[in-house]
Protein chains: 2
Amino acid sequence: MEKEVTIYDIAKQLNLSPATVSRALNDHPSINSNTKELITAKAAELGYRSNAFASNLRRQRTNTIGVIVPRLNSHFVSSVLSGMEKVANERGYNLIISQSQESVKKEKASAKTMFNGRVDGLLVSLAYDTEELDHLDVFIKKGIPLLFFDRVSTHTKATSVVIDNVKAGYDATAHLIEQGCQRIMHVTGNLKRNVYTDRLKGYKLALIDHNLPYDESLLMITDMSREAGIDVAQQISNMYNKPDGLFITNDLCAVSCMAALKKESFRIPQDIAVVGFNDDPVAQVIEPNLTTIHYPGEEMGEIAAQSLINHLNGLVNIQTTNTIVLHFELVVRESSVRTTG
Amino acid sequence: MEKEVTIYDIAKQLNLSPATVSRALNDHPSINSNTKELITAKAAELGYRSNAFASNLRRQRTNTIGVIVPRLNSHFVSSVLSGMEKVANERGYNLIISQSQESVKKEKASAKTMFNGRVDGLLVSLAYDTEELDHLDVFIKKGIPLLFFDRVSTHTKATSVVIDNVKAGYDATAHLIEQGCQRIMHVTGNLKRNVYTDRLKGYKLALIDHNLPYDESLLMITDMSREAGIDVAQQISNMYNKPDGLFITNDLCAVSCMAALKKESFRIPQDIAVVGFNDDPVAQVIEPNLTTIHYPGEEMGEIAAQSLINHLNGLVNIQTTNTIVLHFELVVRESSVRTTG
DNA sequence: TTGTAAGCGTTATCAG
DNA sequence: CTGATAACGCTTACAA
């Protein structure tokens, strides 16, 4: 295990001061281009690698961004992370990723780790049941920029990157109505989370705009799991006045529900038309293919990381752009299209 | 933005030396339990947080583990990462995650970042076409432990966590043979990667053991994408002597292939029985449900992280346990089961 | 059990 | 354009 090369070694060998070496290695403007060349050459020759800790310690920043997500193993989340990683990497930042596993407790622990790890900024998508945001206040107090994405906070005034969930909910519902559905069931998640409340709002608005009544018995709050999907199918099957449309705000849940409905010999979309949310790969596998809201995960990740980094570099003040809203798209597939109304 | 509290502040307020404070905060054995209590109390009171950089700089270790994966947005990979994150988090390590996007070039860049980031150890799953491993040699030279998982290196002598891909390939193929298949097509990925060569070996062995000929025209090397799946279906459809069994080493690819075959009115499993690999969520959505090899992603991540951390803490020497082989399971579903042989 | 003091490798400030 | 020097906050011999 060879000894680490430092700027002192380079300096000594070239009869320069460490300060000059440091400057050369950091593209400082006021440095002679010849000396710079010499230094970079020597650095390469000696196999020098910069010591990030020393640098961080001195500069009081880490070039590290913390990311807290509800869970890692979801198609949407991993797309987001992929986008974040791309951008962060390009711009010389590292990502420290942590999952809350949908639990506030774990989310708090993650936040603490990030805080102690002195991340330069934090990207957060909230857990299922987070209410208080005290664990994130410390960041704000310390002036560490905080940016929410997807599952954002409605209380804290932090920048967030989202889609227009109200409109998405509206579009999904309106689409079902246009297909002739009159009784549309809405299956969604914990209403503490903006994504679910907003989609519900959209659902209600679409009903109103099309002169359909809002029937509370057609709203189901679930944990959006596959089991929940099966459960929903069961309940529908037991209903006297069955729905003829189904808007489920998660494709995985929607797909398991469809499979269960099919077992009960419901015809999709004739008996019941279905719309999901996320455009997960399963949407194109289930038969009939699932109509869903396409939701730009990778792009969301890129933009979130981009914004945070721009802010960190003083290019843009994150506080001024308070919410970034991305486009989404209703992708119509067979699960919802009725040939006749 | 308040000033950071340091051990000096604590020391001053308690009339102690910073050394004592440091020791107390690190559970040093030779420290008076009373003073220790005093110190921890004061630390809490002042909102002290340890500065990892100063500590790292001093101790020459980072408590950070680097992870390089081919891509982030795959079900399998995100399960692995989820497992790694759990373990790392429990044991006080951070994860720096980077994706090679299946390109050697990007993989090299990632390795360099990790190297400069002075990770304590590295967990790697190789990109599609990586051949030379020079970019990883630097870690070995520096004595930084390197552990491969899933897509491992056959050359470098580093610990790896895998499943027995030969056996998995064998089991999948044997299962098809037991279902009466005589001409089994094998669709797989770049043979530079152990996972694919080994599965091919298993395929060949199963054929031999069951007295079936190995027909090179039934081997297809693809990029395992969905498009590849469609392409395979097309080719099968154009073949004169069609296969009656299909072993595709990736569920996503298998599923798109099945969908395409169904469009060409192949009956699955009657005309062609299909086995996939990975047990991706889509396997349980496609109809008929896909028989596949279940592959413990989360567990693989946990074990990989566990082993590396144990090694870092001197509990186990990683060099002694050279390969950790996990169990897999052939999950039989409808896509391969023929009522009569 | 506690204190002293050196040093980890950078970078920012100031001076030249 | 370059150099000297003082931090950054922590750990660890060594000494007391």
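In chain A, the centres of domain 1 and domain 3, taken over C-alpha atoms, are separated by 62 Å. The model is a predicted one, in which local features need pLDDT of at least 70, side-chain atom pairs count only at pLDDT 80 or more, and totals for chains, interfaces and linings use all residues. Residues are numbered from 1 along each chain as its sequence is written, chains are lettered from A and ligands numbered from 1 in the order in which they are written, and side-chain values use heavy atoms, with hydrogens and water left out.

Chain A is divided into domain 1 (7-50), domain 2 (63-162 + 297-325) and domain 3 (165-296), with bounds that come from an automatic or database domain assignment. For residues 5-59 of chain A, an unreviewed UniProt entry lists "domain: HTH lacI-type"; such annotations may be inferred rather than shown by experiment. This span is 69% helix and 0% strand, and its end C-alpha atoms lie 20 Å apart. Helices (H or I, at least four residues) and strands (E, at least two) are DSSP runs, numbered from the N terminus.

The two protein chains can be compared directly. Chain B is superposed on chain A by a rotation of 180° with 0.1 Å of shift along its axis, at an RMSD of 0.2 Å. That is the relation of a two-fold axis.

A residue is near a strand if one of its heavy atoms lies within 4 Å of it. Sugar or phosphate makes up 61% of the atoms of DNA strand C within 4 Å of the protein, and the rest belong to bases. Among the polar contacts (pairs of N or O atoms within 3.5 Å), a polar side-chain atom of Y48(A) is 2.5 Å from a phosphate oxygen of DNA strand C. Two or more residues of the surface near DNA strand C come from each of α1 (7-14), α2 and α4 of chain A and α2 and α4 of chain B. The most, four residues, come from α4(A).

DNA strand D is surrounded by 27 residues, of which T20(A), R23(A), S22(B), Y48(B) and R58(B) are the closest. Sugar and phosphate account for 62% of the atoms of DNA strand D that come within 4 Å of the protein. Phosphate oxygens of DNA strand D lie 2.4 Å from a side-chain N or O atom of Y48(B), 2.8 Å from a polar backbone atom of I7(B) and 3.3 Å from a polar side-chain atom of T35(A). Here α4(B) gives the most to the surface, with four residues.

Some backbone details remain. The peptide bond from I268(A) to P269(A) is cis, with omega near 5°, and P269(A) sits in the loop between α11 (251-263) and β9 (273-275) of chain A. In chain B, a cis peptide bond joins E287(B) and P288(B), with omega about -5°.

Terms used:
Polar contact = N/O pair within 3.5 Å; in protein donor to acceptor, adjacent residues only side chain to side chain. Least-squares fit on C-alpha atoms with pLDDT ≥ 70 in both.
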